[in-house]
Structures are given as structure tokens and as C-alpha cells.
Amino acid sequence: MLDIAVPHVVQEMHRRAAAALPGEETARRATHLAAAGDHDEAAGLFAAAATTELRAHALLGAERLARQALSLAQVAATR
């Protein structure tokens, strides 16, 4: 269905999905925001998720999330 949807409708669906997720689902929220084109906000959430993973001693997961944050960050303040 998403293949035939108008792009702005898909973006709005991703924004709504991100808003509906609970706070502990930071990485999933970031994925939806990135798909909606909100790159800097998604980068911030990926960085927060990376910090959470790091505190849990999940180093590979933290690195993966941090790399996603870095690749999405567009504004210097976000980097």
C-alpha cells in the first residue's frame, strides 16, 4: 500500500507512528522520523538510543545507532 501512496501521506503516517510509540522505543521512533524526512530530530533520538545501549554495555548496538545518528545529522549543532 505504501508503494502507491502519495509521498506526503507516507511522511505523515511515519510522523504519527513515531508520536504513537512509547518513550522507551527511541530507536523505532527515530527510524520513523528518518523515513518522514525529519533527519536532525531522528539523529538526536538515535544518539539518545546509542547512549542507552552504551549504558547497558551493548557496544555493537550503541555503535550502530551512533553511526545512524551521524549519517542523518544535517545541522552542525546536531553533529
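Predicted model: local features only at pLDDT ≥ 70, side-chain atom pairs only at ≥ 80, totals over all residues.
Biologist: Thanks! Leaving aside its neighbours within four places in sequence, which residues is H14 in contact with?

Modeller: Start with where H14 sits, which is helix 1, residues 7-20. We then set aside the neighbours within four places in sequence, and the contacts of H14 that remain are H32, A35 and A36.

Biologist: Is H14 buried or exposed?

Modeller: A residue is called buried when its relative accessible area is under 20%. For H14 that area is 18%. Because 18% falls under the cut-off, H14 is buried.

Biologist: Let's move to helix 3. How far does helix 3 reach from its first C-alpha to its last?

Modeller: Helix 3 runs over residues 39-55, which makes 17 residues. At 1.5 Å a residue, the expected reach is 24 Å, and the model comes close to that. From first C-alpha to last, helix 3 reaches 24 Å.

Biologist: Which residues in helix 3 are buried, and how wide an arc do they cover around the axis?

Modeller: The buried residues in helix 3 are A42, A43, L45, F46, A49 and A50. They lie on the same side of helix 3, because the arc they cover around the axis is only 165°.

Biologist: What do the buried residues of helix 3 pack against?

Modeller: Look at F46, one of the buried residues. Not counting residues up to four places away in sequence, F46 touches A27, A30, T31, L65, Q68, A69 and L72. Taken together, the buried residues of helix 3 pack against helix 2 (26-36) and helix 4 (59-72).

Biologist: Now the largest nonpolar core. Which helix gives the most to this core?

Modeller: The largest nonpolar core has 13 residues, and those touching the most other members are A30, L33, A42, A43, F46, L65 and L72. At least two residues of this core come from each of helix 2, helix 3 and helix 4. With 6 residues, the one that gives the most is helix 3.

Biologist: And the charged side chains? How many salt bridges does the structure hold?

Modeller: One of them joins the side chains of R67 and E63, at 2.8 Å from N to O. Another joins R16 and E12, at 3.5 Å from N to O. The number of salt bridges in the structure is 4.

Biologist: How far along helix 1 are R16 and E12 from each other?

Modeller: R16 is exposed, with a relative accessible area of 59%, while E12 is partly exposed at 35%. Because R16 and E12 are 4 residues apart in helix 1, their separation is about one helical turn.

Biologist: For R67, is the residue buried or exposed?

Modeller: E63 has 38% relative accessibility and counts as partly exposed. To be called exposed, a residue must be over 50%. R67 has a relative accessible area of 57%, so R67 is exposed.

Biologist: Last one! The side chains of R15 and D38 meet in a salt bridge; how many residues apart is the pair?

Modeller: In this bridge the N to O distance is 3.0 Å. The pair links distant parts of the chain, with R15 in helix 1 and D38 in the loop between helix 2 and helix 3.

Terms used:
Residues numbered from 1 in each chain as written. Heavy atoms only, no water. Expected span 1.5 Å × (residues − 1). Buried < 20%, exposed > 50% of the residue type's maximum accessible area, 1.4 Å probe, protein only. Arc of directions from axis to C-beta. Contact = heavy atoms within 4.5 Å. Core = buried A, V, L, I, M, F, W, Y, C linked by side-chain atoms within 4.5 Å.
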